Structures are given as C-alpha cells and as structure tokens.
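Subject: Structure for your review

Dear colleague,

Please find the structure below, with the sequence alongside.

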Amino acid sequence: MKRAICPGSFDPVTLGHIDIFQRASHIFDEVYIGVFNNIRKKPLLSVEERIDLLAQATDHLDNIKVISFDGLLADYMIKEDIQVIVRGLRSVTDYEYEQGQAQIIKAMHPELDTMFLLGKPEYNSFSSSVVREIIRFGGNCSKLVPHNVYRYLKSRI
Ligand code: ADP
C-alpha cells in the first residue's frame, strides 16, 4: 500500500491546502494529514479543533486520515509505514525552505521520499497566517478557507 503524509500546522486549513490533499489522494492509496503540534507556537486553534475542521473539509475524500503528531515526522512515518511526504509549493521561498528539509530527511532515512506539488496560481497567496491576520482585524476570510472553517471561525470569534 502506497501511503503519503501532508504535514503542517493547518492553523487554520486553507483552500490551498485542500487542493494539495485532493491531488495527493488521487496519487496515493492512503493520505495522512498530519497536524503538527508545535509546542513553541501559540496557535489560533487547538489541535483538536484543527483535526475536526480538517476531517469535515476532507469528508468527500475517502482515502484521507487526519492525525496529529508531536515528535519527529520521520519517526511517525516509519511507525505507520508511510513512504512519502507531500508538500505544496507556492514560491521559490517555499522551495528553498523545503529543499533543506527534504535533503535532511533523505540523508537520515534514505527509504523516505519527499514529493512536491505546485500550488494552483489562484491559491498562491493563501496562507494560514494571512487568514489569522484577517480574523484578528475582524475581516471576511470566506474566499480563502473551506465553508465549514469559515462558519466555525465566524461563530467562535
Ligand atoms: P507550517 O505552518 O508548518 O509551515 P502550513 O500549515 O502553513 O505549515 O502548510 C503546510 C504545507 O502546505 C506546506 O508544505 C506548505 O508549503 C503548503 N501550503 C500552504 N499553503 C499552500 C497553498 N496556498 N498552496 C499550496 N501549498 C500550500
């Protein structure tokens, strides 16, 4: 079984992320969405909230599994027999960062691979941090996130 993982903070998930999940789900038998529980960042949403929102937003894709992890990504992958990391690329800046990450993982675990999918141009400026900024100033983020996420953020904040 070919398994991949899309790791990230997803605080909150955007339409750019969903596009990458959909495309990965057509390539692999099983796709994990790994919510990274970064204890150093102060998030807008708790890990449980992010997992629920991701699960609802990907409900139409039946080979997707939403999980969280707080240790090293490679250790989680080896434990779950996941062979590939899928990353979305928006820009050269994303690429420069991701190249380093991918090369470190490859050097440490030659059996693991990283695959890059180019983001759709219409989503290239979308990011969780832009959504958080809009929320902070009471703006409308409905064009950037899935409907369920928009409804949730509106009701909570
Ligand atoms: P982190 O906060 O850990 O950097 P994110 O949740 O922002 O992670 O993003 C997770 C992954 O999704 C990364 O590979 C990132 O490059 C990718 N990504 C984020 N936004 C987009 C987008 N609009 N289009 C394509 N890929 C994206």
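A nonpolar core is here a set of buried Ala, Val, Leu, Ile, Met, Phe, Trp, Tyr and Cys residues joined through side-chain atoms within 4.5 Å. Buried, in turn, means under 20% relative accessible area. Please bear in mind throughout that this is a predicted model.

The nonpolar cores

The largest nonpolar core has 31 residues, and Phe21, Leu54 and Val86 are the ones that touch the most other members. At least two residues of this core come from each of the following: strands S1 (3-8), S2 (30-36), S3 (64-69) and S4, and helices H1, H2 (47-57), H5 (128-136) and H6 (147-156). Not counting residues up to four places away in sequence, Val86 touches Ala4, Ile5, Cys6, Pro7, Ile20, Ala24, Phe28, Met115 and Leu117. There is also a second, separate core of 12 residues, which includes Phe69, Leu73, Ala74 and Tyr76.

The ligand and its surroundings

Which residues come nearest to the ligand? Of the 16 residues around the ligand, they are Ser9, Phe10, Arg87, Gly88 and Tyr123. The shell divides into five nonpolar, six polar and five charged residues. Strand S1 (3-8), helix H1 (15-27), strand S4 (84-89) and helix H4 (92-108) each supply at least two residues of the shell, and the largest share, three residues, comes from H1.

- His17: an N or O atom of the side chain is 3.2 Å from an oxygen atom of the ligand.
- Arg87: an N or O atom of the side chain is 3.3 Å from an oxygen atom of the ligand.
- Arg90: an N or O atom of the side chain is 3.3 Å from a nitrogen atom of the ligand.

On its own the ligand has 560 Å² of accessible area, and the protein covers 83% of that.

The loop between S1 and H1

Phe10, one of the residues that come nearest to the ligand, is placed in the loop between S1 and H1. Its phi is near 50°, a positive value in a residue other than glycine. With a relative accessibility of 5%, Phe10 counts as buried, because buried means under 20%. Pro12 is found in the loop between S1 and H1 as well, and the peptide bond from Asp11 to Pro12 is cis, with omega near 0°.

The loop between H3 and S4

Asp81 is found in the loop between H3 and S4, and Ile82 has its place in the loop between helix H3 (73-80) and S4. Asp81 has a positive phi of about 55° although it is not a glycine. Leaving aside neighbours within four places in sequence, Ile82 is in contact with Arg3, Ala4, Ile5, Tyr32, Tyr76, Met77 and Leu112. Ile82 and Asp62 are 20 residues apart along the chain, and their C-alpha atoms are separated by 17 Å.

Further buried residues

His109 is found in the loop between H4 and strand S5 (113-118). His109 counts as buried because its relative accessible area of 15% is under 20%. Leaving out residues up to four places away in sequence, His109 touches Ala74 and Ile78.

Asn148 is found in helix H6 and counts as buried at 12% relative accessibility. A polar atom of the Asn148 side chain lies 3.1 Å from the backbone oxygen of Leu53. Asn148 also touches Leu53, Gln56 and Ala57, again not counting residues up to four places away in sequence.

Val47 belongs to helix H2 and is buried, with a relative accessible area of 9%. Its contacts, neighbours within four places in sequence aside, are Val35, Asn37 and Ser68. Val47 and Asn37 are 10 residues apart in sequence, with 6.6 Å between their C-alpha atoms.

With kind regards

Notes. Residues are numbered from 1 along each chain as its sequence is written. This is a predicted model: local features need pLDDT of at least 70, side-chain atom pairs count only at pLDDT 80 or more; totals for chains, interfaces and linings use all residues. Side-chain values use heavy atoms; hydrogens and water are left out. A residue is near a molecule or strand if one of its heavy atoms lies within 4 Å of it. A polar contact is a pair of N or O atoms within 3.5 Å; within protein, one must be able to donate a hydrogen and the other to accept it, and residues adjacent in sequence count only if both atoms are side-chain atoms. Accessible areas come from the Shrake-Rupley method with a 1.4 Å probe; for residues, only the protein chains shown count as cover. Helices (H or I, at least four residues) and strands (E, at least two) are DSSP runs, numbered from the N terminus. Ala, Val, Leu, Ile, Met, Phe, Trp, Tyr, Cys and Pro count as nonpolar, Asp, Glu, Lys and Arg as charged, and the others, Gly among them, as polar. Contact means heavy atoms within 4.5 Å. Buried means under 20% relative accessible area, exposed over 50%, partly exposed in between (1.4 Å probe, protein chains only).
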